[in-house]
Amino acid sequence: MKMIFLGPPGAGKGTQAVRVCERLGIPQISTGDILRRAIKEQTPTGLAAKSYIDKGQLVPDSVVIDIVRERLVQSDCANGYLLDGFPRTVPQAQALATFADIDVVIDIEVSDEALTKRLSGRRVCLACGGTYHVATLNGATTCAKCGAELIQRDDDKAETVLNRLSVYHAQTAPLIDFYTEKGLLKAVDGAKPMDECFNAILNALGV
Ligand code: AP5
Ligand code: MG
């Protein structure tokens, strides 16, 4: 199954993607995670992307389209994949349609107020992509899955979060209509507890 997780920053795309991919045995392809790794390794792509990400702006379409095009030809994508955070603009969706046949788009919906609270307390593991919230970490500072140090993302600062939300409404939300018109969109309520949200996604996928 080839699927897209659409939704605003903090909706739970990454959290749910890890579980869905584990269940279905397909790779999670998060353009955000790929870019953050490139920044950490100081590759040319990472150096170019950093200034956009730090401001809460989108990285140019051509950069992320090339990243995804190259990733989807790898052998682990042969039986399907989950795109987490791509596409994020109409031009990205149009480019994707030239090299991939998407089966379903899951739109995870959460209000802006709830998103702001989630992102301010988020902690992430750069090594394995694990995602946590300070409210449930009980003071732990390392990843429960792989033991690496947890960090707060630079773009989870309050003013950058507001910018990311407005970028989402202006540039990414139009994809809801784009994929509805293609008959591919299924919406789930991302404000529900994580397990309920996970079950709603499995239902929407019919698995
Ligand atoms: P990216 O890393 O994709 O960030 P994002 O879209 O802003 O989404 P997030 O990762 O912030 O949120 P999420 O939906 O994954 O939520 P999560 O599961 O972590 O992109 C970062 C940047 O890279 C972009 O701003 C852009 O600059 C660039 N970029 C990436 N892709 C691009 C593209 N295609 N084009 C151009 N630029 C691109 O959960 C959030 C928090 O909520 C966690 O603390 C979690 O524990 C908690 N939580 C999750 N679910 C629930 C729940 N049901 N109830 C309560 N808490 C919950
Ligand atoms: Mg994410």
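How many residues lie between strand 5 and strand 6 in their hairpin, and which residue in the turn has a positive phi? Five residues separate the two strands, and Gly129 in the turn has a positive phi of about 85 degrees. Helices (H or I, at least four residues) and strands (E, at least two) are DSSP runs, numbered from the N terminus.

The model is predicted: local features need pLDDT of at least 70, side-chain atom pairs count only at pLDDT 80 or more, and totals for chains, interfaces and linings use all residues. Residues are numbered from 1 along each chain as its sequence is written, chains are lettered from A and ligands numbered from 1 in the order in which they are written, and side-chain values use heavy atoms, with hydrogens and water left out.

**The sheet**

Select residues 122-125, which make up strand 5. This strand belongs to an open sheet of three strands in the order 6-5-7, with antiparallel pairing; two strands pair if DSSP finds at least two bridges between them. The edge strands, each pairing on one side only, are strand 6 (131-133) and strand 7 (150-151).

Turn next to strand 7, joined to strand 5 by two bridges. Here Val124 is the bridge partner of Ile151, and Cys125 that of Leu150.

Now select helix 6 (residues 112-120), which packs on the sheet and touches strand 5 and strand 6; contact means heavy atoms within 4.5 Å. The direction of helix 6 makes about 55 degrees with that of strand 5 (axes are lines fitted to C-alpha atoms, for helices over the stretch in contact, and angles run from 0 to 180 degrees between N-to-C directions).

**The second largest pocket**

Select Arg36, Ile39, Lys40, Lys50, Ile53, Asp54, Leu126, Ile151, Gln152, Arg153, Asp154 and Asp155, which line the second largest pocket. Helix 2 (31-40) and helix 3 (44-55) each supply at least two residues of this lining.

Finally, select Lys50 and Asp54, which form a salt bridge with their closest N and O atoms 2.6 Å apart. The term denotes a side-chain nitrogen of Lys or Arg within 4 Å of a carboxyl oxygen of Asp or Glu. Asp54 and Lys50 are separated by about one helical turn because they are four residues apart in helix 3. The whole structure has 10 salt bridges.

Key
On a 1 Å grid over the protein atoms alone, a cavity is a set of points where a 1.4 Å probe fits but cannot get out, and a pocket is an open set with protein on both sides within 12 Å along at least five of seven lines; lining residues have an atom within 4 Å of a point.
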